[in-house]
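I opened the model today and kept notes on what I looked up. The entries follow in the order I made them.

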Amino acid sequence: MSAIVVASVAAAVTTTELTAEFGLEEAVLQAASFELGDWRNLAVFLLLALVVVAFSVPYLRILDRAQSLGGRLRRGTRPLAFGLVVAAIGLLELSLFTDGGPHVLRSGQALLGQMLQLGQPHFLGWATLLALAALKAVTTALTHASGGSSGAFMPTLFIGGALGA
């Protein structure tokens, strides 16, 4: 079997056991139920899909450029150089947003959970959410290009949640 399959199965079993052991199965990315009241609301979802697609093109370019820039740096200096840029982005977020960040340096799961709560007033405006999505895209690309563990699933959920909130 592939090492990826073995690691995925081990992670799934571990997560299932830990969430059951500590009673966390209800706490992982809860979202309120949603009902489509009118079929014309689908136009809003189409618009949201277009926004996400429009954001994905620059995101993929950022990933590609970070990889090519990382290829020009010596292997030992890549983590240091990109880590300093990521730290600067975290400090920038802390200075601009006073909502308990830096969200772009973490998984973003807590903020994503808050964004998924329907009926709750959003404490962040659309410009802030767009900026957080862009910063998360850059920090994820730089972390990945430096050889660090950036993951792909949670950053993508965070970016999509920020764009759709």
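I checked Pro-102 and found that this residue is buried, at 13% relative accessible area. Buried is under 20% relative accessible area, exposed is over 50%, and partly exposed lies in between, with a 1.4 Å probe and protein chains only. Pro-102 sits in the loop between α3 and α4. I took its C-alpha distance to Ala-87, 15 residues away along the chain, and got 10.0 Å.

I noted the terms of the model: it is predicted, local features need pLDDT of at least 70, side-chain atom pairs count only at pLDDT 80 or more, and totals for chains, interfaces and linings use all residues. Numbering starts from 1 along each chain as its sequence is written, and side-chain values use heavy atoms, without hydrogens and water.

Next I looked up the fold. The protein chain has 6 helices and 0 strands. Helices are DSSP runs of H or I with at least four residues, strands are runs of E with at least two, and numbering goes from the N terminus. Of the 165 residues in the protein chain, 26% are buried.

Which residues touch the most other members of the largest nonpolar core? I listed Phe-55, Leu-111, Met-115, Leu-132, Ala-133, Leu-142 and Ile-159, out of 25 residues. At least two residues each come from α2, α3 (78-96), α4 (109-115), α5 (126-145) and α6 (153-164). The largest share is from α5, with 8 residues. Such a core is a set of buried Ala, Val, Leu, Ile, Met, Phe, Trp, Tyr and Cys residues joined through side-chain atoms within 4.5 Å.

I then picked Ile-62, in helix α2. Ile-62 is partly exposed, because its relative accessibility is 28%. From Ile-62 to Leu-142 I get 8.6 Å, C-alpha to C-alpha, across 80 residues of sequence.

I placed Trp-39 in the loop between α1 (3-21) and α2 (42-72). Trp-39 counts as exposed, because its relative accessible area is 65%.

Last, I checked for a charge over a ring. Lys-136 lies over the face of Phe-158, 5.6 Å from the ring centre. The test wants NZ of Lys or CZ of Arg within 6 Å of the ring centre and within 35 degrees of the ring normal.
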